[in-house]
Amino acid sequence: MQHLHRKLTSNRPSFKSVNQILLRQFYSTDKCFTFDAGQPIPSTHPQLLKEGEITPGISCDEYVSRRKRILELLPEQSVAVVAAAPVKMMTDVVPYTFRQDSDYLYITGCQQPGGIAVLSHDFGLCMFMPEPTPQDITWQGQIAGVDAAIEFFKADQSYPINKLHKVLPNMIKNCSKLYHNVKTAVPTYTELEAFKKAAYNGGLHDLSIYTHEARWVKSSAELNLMRQSASIGCQALLQTMLQSKISPYENILSAKVEYECRIRGAQRMAFNPVVGGGPNGSVIHYSRNDQNVKDGELVLMDIGCELHGYVSDLTRTWPPCGKFSDVHRELYDLVVETNKECIQLCKPGMSIQRIHNYSVEKLCRGLKGMGILKNDRLQSYHQVNPTSIGHYLGMDVHDCSKIGYERTLKPGVVITIEPGIYIPSNFDCAQRYQGIGIRIEDEVLITESGYEVLTGSLPKEINHIETLLNNHSYGENRDISAFGF
């Protein structure tokens, strides 16, 4: 079956059928036509990618080193199967916007659906690629095929997906352990008798215990993208804070922040923005965003965007009217102090769990002092804050979920610090506190010497927020740095 796949050592011409081509250039005496398939590449999107990059900011060499790293983690004679994310449908003919599975993207760099990647110590990376029909290309555009897998994604081998049932059995028949991406498993391979047999003999395991380990500590290239993603989120939320004074409506603020993220280069929001005005702010993952924010109320906005596969996640709470009430100020001061003290704890050797424990003690003392909590029991505290102080951040919002919060932090790990207070409207406390939600969330990179706050440009001190809202006429092109942020 040598004619069905390509290897890196092949010297054959790269001019194949249009269905298999990622990049083709057809020359005439006066024009050069360039066709691409599936995703941006340096020759078609020089504004996004440099030569030698597979995805913006991430080089071919880095993708190859990622595969080697995962193979180093995998036991000898094991095989790992990773399928691309499936296309999800909104209606019978309308798909949701496609987002690639993070593990598949991390390993291959391929942003299209329909592929299956196989990793092994024996053959490296083999990519099984979709074969579009001319009708598929007419409706959906070009799709990367076998040639693209070898020439652009730098796979060691590649086959059409319709040959998987013949090729994969030989790859896995002698493996000692079989791993796969549980989240994207598809019958295309799971229903093969050879797969079932190998799984039975050696046991079937979740590959994410190794991919999450590899993804946990970010490279310098990944951190550059995360800084950019955080910067976009900060700028977008800042503009939305200014908008809130003239448009204190949850739906408008949600639309505004997404617009500001997208025009700055983000491909999508990392999640549906949380825009909770007044009592809606006490609903931790409120998502309706359909209410007006009344004069004197706070609005809590938790937002994040995705830039070339890396996400941001940040939260600010403020009064669109421009003035914190005494009650709001009392609660806000407790949350912002907790935020700053927890950030100070971020360093190598610390863990999210230990920082969380500190935040619980700090908030419990403060809330008990205000009379909101009647005792120090965790059950009481969890009624006003059932969340963790933070989580890992990277390609996913809650990144590397296989790595526990008790793990000691290392340089290159990015986490969130997000203390909050969420007092239900019917909570047994003084009425003035009921229905108030406050969260302040920052992204923190663990460094050799301590930490770097990736969202530090966004104001969170009360005096800074009030100065910003009351001394900026929305629509004017003024220098925000003049306010000292």
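1. At what angle do helix 9 and helix 10 pack, and how far apart are their axes? In this predicted model, helix 9 (residues 220-244) packs against helix 10 (residues 250-263) at about 145°, and their axes are 8 Å apart. The crossing of helix 9 and helix 10 is right-handed. On the side of helix 9, the contact involves Ile-232, Ala-236, Leu-237, Gln-239, Thr-240, Gln-243 and Ser-244, which meet Leu-253, Lys-256, Val-257, Glu-260 and Cys-261 of helix 10. Sorted by class, the residues of this contact are six nonpolar, four polar and two charged.

2. The overall make-up of the chain may be noted next. The protein chain contains 14 helices and 22 strands. Of its 485 residues, 53% are buried. Among contacts with a separation of 6 or more, 68% are between residues 24 or more positions apart.

3. Helix 11 takes part in a pairing with helix 12 (residues 352-369), in which the axes come within 10 Å and cross at roughly 155°. Angles over 145 degrees count as roughly antiparallel, and helix 11 and helix 12 are therefore roughly antiparallel to each other. The crossing of helix 11 and helix 12 is right-handed. Helix 11 contributes Leu-331, Leu-334, Glu-337, Thr-338, Glu-341, Cys-342 and Leu-345 to the contact, and helix 12 contributes Ile-355, Tyr-358, Ser-359, Lys-362, Leu-363, Gly-366 and Leu-367. Eight nonpolar, three polar and three charged residues make up this contact.

4. Helix 11 (residues 326-345) also meets helix 14 (residues 462-470), with axes that come within 11 Å and cross at roughly 125°. Helix 11 and helix 14 are therefore oblique to each other. Here Arg-329, Tyr-332 and Asp-333 of helix 11 are in contact with Ile-462, Ile-465 and Glu-466 of helix 14 as the two sets of residues that make the contact. By class, the contact of helix 11 with helix 14 has three nonpolar and three charged residues, and no polar ones.

5. In soluble globular proteins, nonpolar side chains tend to be buried together. The largest nonpolar core of this model has 51 residues, of which Met-301, Leu-331, Leu-367, Ile-372 and Ile-423 touch the most other members. Helix 9 gives the most to this core, namely seven residues. A second, separate core has 45 residues, including Ile-58, Ala-84, Met-127 and Met-226.

6. What does Ile-372 contact, leaving aside its neighbours within four places in sequence? The residues are Leu-331, Leu-367, Ile-423, Phe-427, Asp-428, Cys-429 and Tyr-433. Of these, Leu-331, Leu-367 and Ile-423 are also named, with Ile-372, among the core members that touch the most others.

7. Most residues other than glycine have a negative phi. Lys-154, which is not a glycine, has a positive phi of about 60°. Lys-154 lies in the loop between helix 4 (146-151) and strand 9 (157-160). Its relative accessible area is 33%, and Lys-154 is partly exposed.

8. Cys-400 is in the loop between helix 13 (378-381) and strand 18 (414-417). Is Cys-400 buried or exposed? Buried means under 20% relative accessible area; Cys-400 has 1% relative accessibility and therefore counts as buried.

Notes:
Residues numbered from 1 in each chain as written. Predicted model: local features only at pLDDT ≥ 70, side-chain atom pairs only at ≥ 80, totals over all residues. Heavy atoms only, no water. Axes fitted to C-alpha atoms, helices over the stretch in contact; angles between N-to-C directions. Helix = DSSP H or I, 4+ residues; strand = E, 2+ residues; numbered from the N terminus. Parallel < 35°, antiparallel > 145°, perpendicular 65-115°, else oblique. Contact = heavy atoms within 4.5 Å. Nonpolar A, V, L, I, M, F, W, Y, C, P; charged D, E, K, R; others polar. Left-handed = near helix turned anticlockwise from the far one by under 90°. Core = buried A, V, L, I, M, F, W, Y, C linked by side-chain atoms within 4.5 Å. Buried < 20%, exposed > 50% of the residue type's maximum accessible area, 1.4 Å probe, protein only.
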